[in-house]
Every structure is written in structure tokens, then in C-alpha cells.
Amino acid sequence: MTSENFDRITMFGAEWCGDCRRSKRLLDGLGVDYDYVDLEAVENGADRAKAISGRTQIPVVVFPDGDHFVEPTDAALRAKLEAVAA
């Protein structure tokens with residue numbers, strides 16, 4: 001696990017990734033304010049995502065409470081967003 005701290009939701013992904021586009025579309029559609037780390041554009045983005053999740057799958061969505069999801073379903077991501085907002 002990384003010692004990196006997140007004070008807002010951060011999503012690690014890539015444009016070529018269908019699951020990333022789906023999760024990004026959900027976040028955008030719900031009006032969520034989040035940081036997006038494009039693994040193709042950010043030099044150490046893939047390493048950071050792997051350090052957080054221990055895996056190479058994307059997207060990796062990190063929450064301020066320290067939780068993270070890897071390849072979340074829309075339902076799981078929506079439920080977590082609702083829990084964080086409560």
C-alpha cells in the first residue's frame with residue numbers, strides 16, 4: 001500500500017479502457033468533483049495505481065477515507081459515493 005494521501009476522489013485510468021470510460025461517465029454524470037490521472041499522460045501514473053491496488057487492472061478509484069476500488073461496477077461505485085456523501 002502506498003503512503004500517498006488523497007483529500008478527494010482520484011481515478012486512475014486510460015482512454016482506451018472501456019471500464020475507465022464507464023466509471024468516468026458515471027462520476028461525470030453524477031457531478032462528482034474528482035481528480036483524473038491519465039496513465040498514458042502521467043509518467044508515474046501506472047506505478048502509483050499499482051502501488052495503491054497491488055494490481056495492474058484499471059480503473060483504480062481512490063476515496064479520501066482510504067478505500068479504493070479496482071474495476072468497480074457502476075452499482076458498487078454509486079453505493080460508495082452515496083456512503084461517502086452521507
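Tutor: Let us begin with charges and rings. A charge sits over a ring if NZ of Lys or CZ of Arg is within 6 Å of the ring centre and within 35 degrees of the ring normal. Please bear in mind that this is a predicted model.

Student: Which residue lies over the face of Phe63?

Tutor: Lys80 does, at 5.4 Å from the ring centre of Phe63.

Student: How many aromatic pairs does the count give?

Tutor: Ring planes over 60 degrees apart count as edge-to-face. The count comes to 1 aromatic pair. Phe63 and Phe69 have ring centres 5.4 Å apart and planes at 70 degrees, so this pair is edge-to-face.

Student: Is Phe63 buried or exposed?

Tutor: Buried means under 20% relative accessible area. Phe63 is buried, because its relative accessible area is 1%.

Student: Turning to the backbone, which peptide bond is cis?

Tutor: The bond from Ile58 to Pro59 is cis, its omega being near 5 degrees. Pro59 belongs to the loop between helix H2 (45-53) and strand S3 (60-62).

Student: What is phi of Glu71 near?

Tutor: Phi of Glu71 is near 50 degrees, which is a positive value in a residue other than glycine. Glu71 is placed in the loop that lies between strand S4 (68-70) and helix H3 (74-85). With 34% relative accessibility, Glu71 counts as partly exposed.

Definitions and conventions. Residues are numbered from 1 along each chain as its sequence is written. This is a predicted model: local features need pLDDT of at least 70, side-chain atom pairs count only at pLDDT 80 or more; totals for chains, interfaces and linings use all residues. Side-chain values use heavy atoms; hydrogens and water are left out. Rings of Phe, Tyr and Trp (its six-membered ring) pair if their centres lie within 6.5 Å; planes under 30 degrees apart count as stacked, over 60 as edge-to-face and the rest as tilted. Buried means under 20% relative accessible area, exposed over 50%, partly exposed in between (1.4 Å probe, protein chains only). Helices (H or I, at least four residues) and strands (E, at least two) are DSSP runs, numbered from the N terminus.
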